[in-house]
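Please open the model in your viewer and keep the sequence panel beside it. The stops below tell you what to select next.

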Amino acid sequence: MSEDKQPVSRRQFLNYTLTGVGGFMAAGLMVSPLRMAIDPVLQQDSAEGDFTNVQLAEEDITNEPQRVDWEVDQEDGWYESTVSQTAWVYKDDNGEIVALSPICKHLGCVVSWEGSEEHPERFYCPCHDGLYYKDGENVPGTPPTAGLDIYEHKIENGMLFLGKAQPREEA
């Protein structure tokens, strides 16, 4: 029986070995691009969006804007971090909850409620004297060209949950 077998030459052995190793390496290199192409398809999108409990009860929300700070977990690739977020929350004249982003639309500075003695009852940006009305609309003749972004919000079990800030045109 051993007479029927043909011995493998050195050249054939190296050819088989290098072909196998090269194929294995090529397959290994293709895993990452395939994962990047397939991963977005496998991600589950939340129909409601991502809402975070900001630890503010509905009955604690007044007609006066109050600053609310909360933290969200953020994942960028393999880097996980905790990011602080802020909103100005109040009830309007109709009793509806309004949650405004504190980021000025002029240069991205942080606005504050009644931040200037010369401009009471207004959101004030100290960077270039930007002004916003209580509803977040920009005051004409001041540097901001658009109103403050509006946070998506909902009430669950008497607690306020905030989502993403939407530009005023889409809000």
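Contact here means heavy atoms within 4.5 Å. This is a predicted model, where local features need pLDDT of at least 70 and side-chain atom pairs count only at pLDDT 80 or more, while totals for chains, interfaces and linings use all residues. Residues are numbered from 1 along each chain as its sequence is written, and side-chain values use heavy atoms, with hydrogens and water left out.

**Stop 1**

Select Leu 56. Which residues does Leu 56 touch, not counting those up to four places away in sequence? Look for Ile 61, Gln 66, Val 68, Val 89, Gly 158, Met 159 and Leu 160.

Now widen the selection to the largest nonpolar core. Such a core is a set of buried Ala, Val, Leu, Ile, Met, Phe, Trp, Tyr and Cys residues joined through side-chain atoms within 4.5 Å. Buried means under 20% relative accessible area, exposed over 50%, and partly exposed in between (1.4 Å probe, protein chains only). The largest core has 13 residues. Val 54, Leu 56, Trp 70, Val 89, Leu 160 and Leu 162 touch the most other members. At least two residues come from each of β1 (52–57), β2 (66–76), β3 (79–91), β4 (97–100) and β9. Strand β2 gives the largest share, three residues. Strands (E, at least two residues) are DSSP runs, numbered from the N terminus.

**Stop 2**

Select 150–156 (β8) and 159–166 (β9). The two strands pair in the antiparallel sense over six bridges. Pairing requires at least two DSSP bridges between two strands. Tyr 151 has Ala 165 in β9 as its bridge partner. Two residues sit between the strands, and Asn 157 takes a positive phi near 55 degrees.

**Stop 3: Asp 149**

Step to Asp 149, in the loop between β7 and β8. Is Asp 149 buried or exposed? Asp 149 is buried, because its relative accessible area is 14%. Its side chain makes a polar contact with the side chain of Lys 105 (3.0 Å). A polar contact is a pair of N or O atoms within 3.5 Å; within protein, one must be able to donate a hydrogen and the other to accept it, and residues adjacent in sequence count only if both atoms are side-chain atoms.

**Stop 4: the open sheet**

Finish on the three-stranded open sheet, order β5-β6-β7, paired antiparallel. Strands β5 (112–113) and β7 (130–132) are the edges, each pairing on one side only. Three bridges join β6 (residues 123–125) to β7. Phe 123 has Tyr 132 as its bridge partner in β7.

Notes: Helices (H or I, at least four residues) and strands (E, at least two) are DSSP runs, numbered from the N terminus.
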